[in-house]
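Subject: Structure handover

Hello,

Please find the structure below, together with the notes I promised. Could you look through them and send back any remarks?

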Amino acid sequence: MSDLTDLYQEIILDHNKRPRNFREMPGCACQAEGLNPLCGDEVKVFVQVEDGKLSDVAFQGQGCAISRASASMMTGKTKGKTEEEARDLAGRVRDMLVGPEADAPRELGDLAALSGVRKFPARIKCAMLPWHT
């Protein structure tokens, strides 16, 4: 499965079925809740910060496969980054989904699997919900 334009790629299905970092984080440094009222996706993101870096990132919630997979991938990709680096990564994911059509940047790694969402404008909010949260 090498075509990144397929919406439900194997990697997205895997993150949906077996989400990474899907748990509450009592005592975390900060948490936020996000809701997409159009489709009912809900996500709560938990972050622990140590020495200026996101030492742990987790999420809980319910939603479609795209929202859940995006949250799962986000938690793994932002762990160990500074807040600025995490915001920059969120911006690159947003640009991949809504920016001028181009191939997904290689430096995004597995996050490039989300690039197929750009062909389904109504689903972009699903993919971006955890990143906005």
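**Cavity and pocket**

The residues that line the largest cavity fall into four nonpolar, five polar and two charged. In this count Ala, Val, Leu, Ile, Met, Phe, Trp, Tyr, Cys and Pro are nonpolar, Asp, Glu, Lys and Arg are charged, and the others, Gly among them, are polar.

The model is predicted: local features need pLDDT of at least 70, side-chain atom pairs count only at pLDDT 80 or more, and totals for chains, interfaces and linings use all residues. Residues are numbered from 1 along each chain as its sequence is written, and side-chain values use heavy atoms, with hydrogens and water left out.

The search of the whole structure gives one cavity of 30 Å³ or more. The largest cavity holds about 60 Å³ of space. Its lining is made up of Glu-42, Val-43, Phe-59, Gln-60, Gly-61, Gln-62, Gly-63, Cys-64, Ser-67, Arg-68 and Ala-71. Two or more of these residues come from each of E2, E3 and H2, and the largest share, four residues, comes from E3. Helices (H or I, at least four residues) and strands (E, at least two) are DSSP runs, numbered from the N terminus.

The search runs on a 1 Å grid over the protein atoms alone: a cavity is a set of points where a 1.4 Å probe fits but cannot get out, a pocket is an open set with protein on both sides within 12 Å along at least five of seven lines, and lining residues have an atom within 4 Å of a point. Points are joined across faces, edges and corners, and a volume is the space filled by probe spheres set on them.

The largest pocket contains about 470 Å³ of space. It is lined by 20 residues, of which Val-47, Leu-54, Glu-83, Arg-87 and Thr-133 are the closest to its centre. Elements that contribute two or more residues to this lining are E1, strand E2 (41-50), E3, helix H2 (65-78), helix H3 (83-98) and helix H4 (121-132). H3 supplies the largest share, four residues. By class, the pocket lining has twelve nonpolar, five polar and three charged residues.

**Cysteines**

There are zero disulfides in the structure (pairs of cysteine sulfur atoms within 2.5 Å). For Cys-39, the closest cysteine sulfur is that of Cys-126, at 3.9 Å, which is too far for a bond. Cys-126 is likewise in no disulfide, and its nearest cysteine sulfur, in Cys-64, is 3.8 Å away. Cys-39 is partly exposed at a relative accessible area of 42%, whereas Cys-126 is buried at 3%. Buried means under 20% relative accessible area, exposed over 50%, and partly exposed in between (1.4 Å probe, protein chains only).

**Individual residues**

Asp-56 belongs to strand E3 (residues 53-62) and counts as buried because its relative accessibility is 19%. Its side chain makes a polar contact of 2.8 Å with that of Arg-23. A polar contact is a pair of N or O atoms within 3.5 Å; within protein, one must be able to donate a hydrogen and the other to accept it, and residues adjacent in sequence count only if both atoms are side-chain atoms. Leaving out residues up to four places away in sequence, Asp-56 touches Arg-23, Met-25, Phe-46, Val-47, Gln-48 and Lys-79 (contact means heavy atoms within 4.5 Å).

Glu-24 sits in the loop between helix H1 (10-17) and strand E1 (30-36) and is exposed, at 51% relative accessibility. Beyond four places in sequence, Glu-24 touches Phe-46 and Gln-60. Glu-24 and Phe-59 are 35 residues apart in sequence, but their C-alpha atoms are 6.6 Å apart.

Thr-78 is part of helix H2 and is buried, with a relative accessible area of 5%. A polar atom of the Thr-78 side chain lies 2.8 Å from the backbone oxygen of Met-74.

**Backbone**

Two residues with positive phi deserve a note. Asn-21, not a glycine, has a phi of about 60°; Asn-21 lies in the loop between H1 and E1 and is buried at 17% relative accessibility. Asp-51, also not a glycine, has a phi of about 55°; Asp-51 is in the loop between E2 and E3 and is exposed at 82%.

Regards
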